[in-house]
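The following exercises concern a single structure. Please work through each task before reading its solution.

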Amino acid sequence: MNAMTLPDTNTMYSALLNKDSSFEGIFFVGVKTTGVFCRPTCTAKKPKKENVDFFPTTKEALQYGYRPCKVCHPLQNNGETPVWLKGIIKEIGQNGVVKFKDADLRERNIDPARIRRWFKKHHGITFQSYLRLLRVNTAFGRIKHGEKVIESAYDLGYESLSGFTESFKKTTGFSPSKSKDKKIITVTRILTPLGPMLAGAVEEGICLLEFVDRRMIEKQIKRLKKYLNAEFVPGQHKHFDKLDKQIKEYFEGKRKKFDLPLSLPGTDFQVKVWKELQRIPYGSTRSYQQQAIALKNPKAIRAVAKANGDNRIAIIIPCHRVIGKDGKLVGYGGGMWRKQYLLNLEKKNI
Ligand SMILES: [Zn+2]
């Protein structure tokens, strides 16, 4: 993870122990045992070396599942956080999971456009993306592929174990020990060169693969819960090893077809659209119109576009291969820069 832009680990770890303020803004540190990320100068108890992840930016720490520390407030730039913002940042810190609509912001005398710009400038994400990442991180924690849920709970220590159970209960509505009774969607993070993705699996196959900062992610999570009558639980799943391997091969340009079981709950029309997407060959593109014609429904261009946007399994169901009629890139849930990257990658390895 961006090791190129960071000093070496030993230097950063000793800066952390020494609370060296010259490293402010150079790196942020994620503490695996608490799921929280800090500035180098944080006054909280310092973690062991094996329990830290270093990040060049707050954005990356958030994307990798960490929440900002309540002691050192890494979201507040030293001497730069304007007075008008301090109140709301404090409010978010106290409440944990929060939603602020534009009207809520105006009630606090904050201009929504101004706070969006400030976050974008200082943290590389908009205010709403920040809140969304915070909510997703609170629900799923920093759990990465390869960690068992029970280990991560023990890993957190006794005090946080109760915190873990509590936040789990809050998110899922039932306690971890009872989770056997209900259908479960196991969820993990898969790391890619385009940032971490949230992956979900059920017995039948992979049911979710999406970039963690995607705007639709919460909606997709809600829909899946409803469709499958299931709850999300962070942990390991037999389908994840294969997924991890194949995604890695894809980004190395060594894999052109995926061979994974998928679970695609949706309307008949959506399922047809998603299957048709899988027929677009690696390295090539089609327009929505061509897709509609392929589905023998040439007038359904808009409906095809909509179902395309509702795809829950990015990359594997290659909705990035659909472009505008004029050859221009059109919307992509994960962001245009990602779409361009994927198309370039495929073109290069065709
Ligand atoms: Zn801290």
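**Exercise 1.** In which helix is Gln63 found, and does Gln63 count as buried or exposed?

*Solution.* The model is predicted, local features need pLDDT of at least 70, side-chain atom pairs count only at pLDDT 80 or more, and totals for chains, interfaces and linings use all residues. Residues are numbered from 1 along each chain as its sequence is written, and side-chain values use heavy atoms, leaving out hydrogens and water.

Step 1: Gln63 belongs to helix α2 (residues 58-63); helices are DSSP runs of H or I with at least four residues, strands are E runs with at least two, and both are numbered from the N terminus.

Step 2: Gln63 has 7% relative accessibility and therefore counts as buried (under 20% relative accessible area, with exposed over 50% and partly exposed in between, for a 1.4 Å probe and protein chains only).

Step 3: Leaving aside residues up to four places away in sequence, Gln63 touches Leu133, Arg189, Pro196, Val212, Asp213 and Arg338 (contact: heavy atoms within 4.5 Å).

**Exercise 2.** Identify the buried residues of helix α1 and what they pack against.

*Solution.* Step 1: In α1 (residues 9-17), Met12, Tyr13, Ala15 and Leu16 are buried.

Step 2: They lie on the same side of α1, because their arc around the axis is only 160 degrees (taken from the directions from the helix axis to the C-beta atoms).

Step 3: These buried residues pack against β1 (28-31) and β3 (52-55).

Step 4: Just after α1, Lys19 adopts a positive phi of about 50 degrees.
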